[in-house]
Amino acid sequence: MALALENPRLLSLAAGFTDSRTLPVAAVQAAVSALARRPGEPEYLQYGTNLGRPGLRQLLAGRLVCREPALAGADLRERVFITNGSQQALYLAMQVLCAERDIVLVDRPSYFVFLEMLAGLGIRARSMPVDAAGRLDLPGLGARLDGLARTGELDRVKAVYFVSYFSNPSGRSLDAGEKTGLARLLADRGLVVPVIEDAAYRELHFGEAPATPSVPGLDDWRGFPVLYLATLTKPFATGLKVGYGYCTNADWLVRMAHLKGHHDFGTANFTQAILEEVLADGSFDRHLAIVRPAYERKMRALHETLEAEGLPAGGWRWAAPEGGLYLWLEAPGAIETGLASPFCQACIAEGVLYVPGELCFGDEPLRNCVRLSFGVLAEDALREAGRRFARVARRFG
Ligand SMILES: Cc1ncc(COP(=O)(O)O)c(C=O)c1O
């Protein structure tokens, strides 16, 4: 980001920001006006409560129940809490669950800011193996757990984390078989540890909403403490910085709430009030109906440019995602893409930035992957960035 600011000619496919052109200015303006017109005291400009606005929590609980038929009839309100983006919830969860040297099992590849957080807290990330198609390799994970048992470290595994829908960075979603298979494997090993499902991109689907239930909606996870995390930043406005969690375990929730009290005793009430307004008046969903096809067009602009520029013939592999903000590319094995690599430096010289894939692994990083974000740039700029990237790829191919 610093490089992009210094050199305006650089086109950044690196930052996971949303598109400023489609941010919901009118919806936010209408929400603020509606709040200002409301009779009585401007409670939305007052401190709120630690767990968040009751009305917003109720709306979000209702949305979750709509998505998960299995949760119908359940009253989730008391278990839903609001945070400063889902990022804060991740931090609260880790602080509560883990001590230094503890282990968290993570997806592969995984959300690199979470991995950085683990490293910062002295917590060890261990990847759950995947097959060539990127699906969870459950026998491989079983072997990995055996290894941890042999070294006496299995009881240091304190949590499991994965990004389940249109992942950052891979763009992939876990299917129901992977989710239930994982639950069974962990239960078979007696490893009934807290699981964190990060669903940050679930709302950003291009076609139909994903049919795969989330962890709280799957029977096999019932015995596990579950934290389901989602956010209103990516699907609506990143600048409002409001995320939320649904935690099935009362003790875990109380401990996170105490910690949140130490951080801030509640996420900004005003931004929550705006979101409560837009969810209630339907403008949140109207906004989603605009951004979903807009992001799909942007994804296609980048994806099709890379195809047209001959990357597949050069041995580059990737799949067009069905939602989210990212393309995850694997270069032919010999091309290393790390920050200090000649390939990365050549891309910067050519005027295009990406996130080196090696940052996205809890351990045993692949050195030949890149994450390209199509969130920020307009379609023309994405095509130009794609051409620049492809020029460098051809030189190294
Ligand atoms: C997978 C994932 N989880 C969580 C977050 C945190 O998002 P926020 O704090 O805006 O909700 C991000 C942001 O990029 C993300 O990609």
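Helices and strands here are DSSP runs, helices being H or I with at least four residues and strands being E with at least two, numbered from the N terminus. With that in hand, hello everyone, and let's walk through this one together.

This is a predicted model, so to speak of a local feature we ask for pLDDT of at least 70, and side-chain atom pairs count only at pLDDT 80 or more, while totals for chains, interfaces and linings use all residues. Residues are numbered from 1 along each chain as its sequence is written, and side-chain values use heavy atoms, with hydrogens and water left out.

Let's begin in a loop. T212 sits between strand 6 (195-198) and strand 7 (226-231). Is T212 buried or exposed? Buried, with a relative accessible area of 18%; buried means under 20%, exposed over 50%, and partly exposed in between, using a 1.4 Å probe and protein chains only. Not counting residues up to four places away in sequence, T212 touches Y165, L174, D175, A176, K179 and R202, where contact means heavy atoms within 4.5 Å.

Next, a glycine. G142 belongs to helix 6 (residues 138-150) and is buried, at 3% relative accessible area. Leaving out residues up to four places away in sequence, G142 touches L185 and R189.

Now the core. A nonpolar core is a set of buried Ala, Val, Leu, Ile, Met, Phe, Trp, Tyr and Cys residues joined through side-chain atoms within 4.5 Å. The largest one has 68 residues, and W316, L329, L372 and F389 touch the most other members. Helix 10 (residues 283-308) gives the most to this core, with eight residues. Apart from that core lies another, of 30 residues, including V106, V163, C247 and L253.

Which residues does L372 contact, leaving aside its neighbours within four places in sequence? They are L13, L302, L306, L325, Y326, L327, L329, Y354 and F389.

Finally, a helix pair. Helix 10 and helix 12 (residues 379-396) pack at about 25 degrees, with axes 8 Å apart; axes are lines fitted to C-alpha atoms, for helices over the stretch in contact, and angles run from 0 to 180 degrees between N-to-C directions. That makes the two helices roughly parallel, a label for angles under 35 degrees, with over 145 roughly antiparallel, 65 to 115 roughly perpendicular and the rest oblique. On the helix 10 side, R297, K298, A301, L302, T305 and L306 meet E379, L382, R383, G386, R387 and F389 of helix 12.

Thanks, and happy to take questions.
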